[in-house]
Amino acid sequence: MKRRTFIKNSAGGALAMGLPLFSTLPTTYEETRFGAAEATFMLRRYRKLNSSKYPEYANALEMIEHFSSLGFSGAQLTMHGLDSKMAKKILKRREELNFFMEGQIKLPKDEGDVARFDQQVQETKAMEVEIIRTVCLSGRRYENFDSREAFQNFRKASEKSLQLAEPIMRKHKMRLAVENHKDWRTEEFLEILKNIDSEWVGVTLDTGNNISLLEDPMEVVKTLAPYAFTVHLKDMAVEEYEDGFLMSEVNLGDGFLDIEGMIRVIRKHNPDIRFNLEMITRDPLKIPCLTEKYWATFDKITATELAVFLRKIKEHKSKEALPRISEMSADEQLALEIENNETSVLFAKKNYGFS
């Protein structure tokens, strides 16, 4: 497999902020297990494709068994709302497999939703989970909002949700890991985290998402690594199109991200952080940064910054066409999803020190 590096050496981010780094990087780590984010199996989990060969997962235990069979040693799955019998089966199987778990949860919408959030946090903790991943926006900023005002209203609502969630996480001594999910540029995200100012609220650090917001992925990692509780590890490929550029998750080692360098940076701040693959098998995402709608929510990106970023896209565009699956049969799509994830977990174990 070929590895193309986007930016391996750049100043700024955590270093520019004066945040402490460990002076040396350990050669061994207590946590070397490699997990999978739920979206790694998005087709099988969410798309309801009609396939007798690859049926939908019936429950979380089936997902754990499948992930384990492919070589994963952990997963990020919804761990609340389980009946007692299923919960006991999952706990027993996790122990047998030495399989770590991280949870998922929706933030409380308002004061009336806090009780639901509290209950789900308690149920997740009962499953011997310490970290719960969440998002502020399930979609994409440049698609969901048509104006700066609409985006600012979303930001206010998100900050309110996090303010409601923080006391619950503090009470239960659970860590809430908010993903950079094609919603916040890093400067905005840091402002939100600093306003919350809690040891119980941090980041699910996605290594590729902020490319869609025209940010250098290595700089994003450097800036957010001090706040990261868990990681979505992914490699990315790009190509140009008339309204901007396309981007796709690709198998580890096949994209342009400096994954090895990113892992090193992240582990400087948290040597035993858990990494979860998020290799989403789908058609390329359109990033229409040359259209008026894309810019509706931004106010601080200069023409020079855009030009520099697009030049990097041109320099590092994929030599091969980005993967497209929409014309494949259901069985072909689902088989490719399995193949992609198996390929990436094997690559991670061979090249990045995972066990």
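**Buried helix, barrel and open sheet**

Author: In this predicted model, helix α8 (residues 186-196) has as its buried residues Thr-186, Glu-188, Phe-189, Leu-190, Ile-192, Leu-193 and Ile-196.

Reader: What covers the buried residues of α8?

Author: The cover includes α6 (141-144), α7, β5 (175-179), β6 (201-206) and α9 (217-224). Just after α8, Asp-197 has a positive phi of about 50 degrees.

Reader: Why is Glu-315 called exposed?

Author: The term exposed requires a relative accessible area over 50%. Glu-315 has 52%, and therefore it is classed as exposed. Glu-315 belongs to helix α11 (residues 303-315). Between the C-alpha atoms of Glu-315 and Ile-196 the distance is 39 Å, and the two are 119 residues apart in sequence.

Reader: What makes β3 and β4 a pair of strands?

Author: Two strands pair if there are at least two bridges between them. Gln-104 stands opposite Arg-133 in β4.

Reader: Into what do the eight strands close, and in which order?

Author: They close into a barrel, with parallel pairing, in the order β1-β2-β3-β4-β5-β6-β7-β10. Neighbouring strands of this sheet are turned by 30 degrees against each other on average, direction ignored. Helix α7 lies across β4, β5 and β6 and runs at about 150 degrees to β5.

Reader: Which strands form the open sheet, and with what pairing?

Author: The open sheet has three strands in the order β8-β9-β11, paired antiparallel. β8 (235-241) and β11 (285-287) each have a single partner strand and stand at the edges, so one side of each lacks a neighbour in the sheet.

Reader: How do you know that β9 and β11 pair?

Author: At least two bridges are required. Strand β9 (residues 244-250) and β11 have three bridges in the antiparallel sense, and therefore they count as a pair. Leu-246 has Lys-286 in β11 as its bridge partner.

Reader: Which residues have the most contacts inside the largest nonpolar core?

Author: They are Phe-34, Phe-67, Phe-72, Leu-205, Leu-233, Phe-245 and Phe-275, in a core of 98 residues. Helix α7 (residues 148-172) gives the most to this core, with seven residues. Apart from this core lies another, of five residues, among them Ala-237, Leu-246, Val-250 and Leu-322.

Key:
Residues numbered from 1 in each chain as written. Predicted model: local features only at pLDDT ≥ 70, side-chain atom pairs only at ≥ 80, totals over all residues. Heavy atoms only, no water. Helix = DSSP H or I, 4+ residues; strand = E, 2+ residues; numbered from the N terminus. Core = buried A, V, L, I, M, F, W, Y, C linked by side-chain atoms within 4.5 Å. Buried < 20%, exposed > 50% of the residue type's maximum accessible area, 1.4 Å probe, protein only. Contact = heavy atoms within 4.5 Å. Axes fitted to C-alpha atoms, helices over the stretch in contact; angles between N-to-C directions.
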